Amino acid sequence: MVSITAFIIVANVVTIAIGVIIVRTAYRAHRRTGAGTLRWLAAGLGFVTLGALVGLIAVAVPGAGPEHAIAGQSALLAAGIALVARSLDKPSGGQQSRTV
């Protein structure tokens, strides 16, 4: 049987790996197009990914309870989701897409 700690570690490592790839892709798209919304998206997903890293570190630190990991992840997740929502609000700067 796999312990819950091992599962949390594996899940966070996978989240971090995929998150870094997605953040890098969104940021490169921002640099290529100049679209401010992609910058907000990259920042938001970066916060979500950082939350997984904080959770991973909190699990590894002796004496830190699960409440520390949950609090850190929750705060960064909330900030990240707010930034992602901001990215969906309206275009800012860069090239604007137009429909004809």
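1. V2, I4, F7 and I8 together make a nonpolar patch on the surface, with about 420 Å² of accessible area. Patches here consist of residues with over 30% relative accessible area and no salt bridge, with nonpolar side chains (Val, Leu, Ile, Met, Phe, Trp, Tyr) joined within 5 Å and like charges within 9 Å. A salt bridge is a side-chain nitrogen of Lys or Arg within 4 Å of a carboxyl oxygen of Asp or Glu. Accessible areas come from the Shrake-Rupley method with a 1.4 Å probe, and for residues only the protein chains shown count as cover.

2. The model is predicted: local features need pLDDT of at least 70 and side-chain atom pairs count only at pLDDT 80 or more, whereas totals for chains, interfaces and linings use all residues. Residues are numbered from 1 along each chain as its sequence is written, and side-chain values use heavy atoms, with hydrogens and water left out.

3. The chain holds three helices and zero strands, in the order α-α-α from the N terminus. Helices (H or I, at least four residues) and strands (E, at least two) are DSSP runs, numbered from the N terminus. Of the 100 residues in the chain, 26% are buried; buried means under 20% relative accessible area, exposed over 50%, and partly exposed in between (1.4 Å probe, protein chains only). The accessible surface of the chain is about 6800 Å², and 70% of this belongs to carbon and sulfur atoms.

4. Helix α1 covers residues 4–33; its 30 residues should span 44 Å at 1.5 Å a residue, and the end C-alpha atoms are 43 Å apart, which agrees. The expected span is 1.5 Å times one less than the number of residues in the helix. Just after α1, G34 has a positive phi of about 80°.

5. The buried residues of α1 are N12, I16, G19, V23, A26, A29 and H30, and they pack against α2 (36–60) and α3 (66–89). An α-helix has 3.6 residues a turn, so residues three or four places apart point the same way. H30 has a relative accessible area of 11% and is therefore buried. Leaving aside residues up to four places away in sequence, H30 touches A35, G36, L38 and R39, where contact means heavy atoms within 4.5 Å.

6. The C-alpha atoms of I18 and T49 lie 8.5 Å apart, although the two residues are 31 apart along the chain.

7. In α2, 25 residues should span 36 Å, and the end C-alpha atoms are 36 Å apart, which agrees. The buried residues of α2 include G36, T49, G51 and L56, and their cover includes α1 and α3.

8. In α3, 24 residues should span 34 Å, in agreement with the 34 Å between its end C-alpha atoms. Its buried residues are A69, G72, L76, G80, L83, V84 and S87, with α2 among what covers them.
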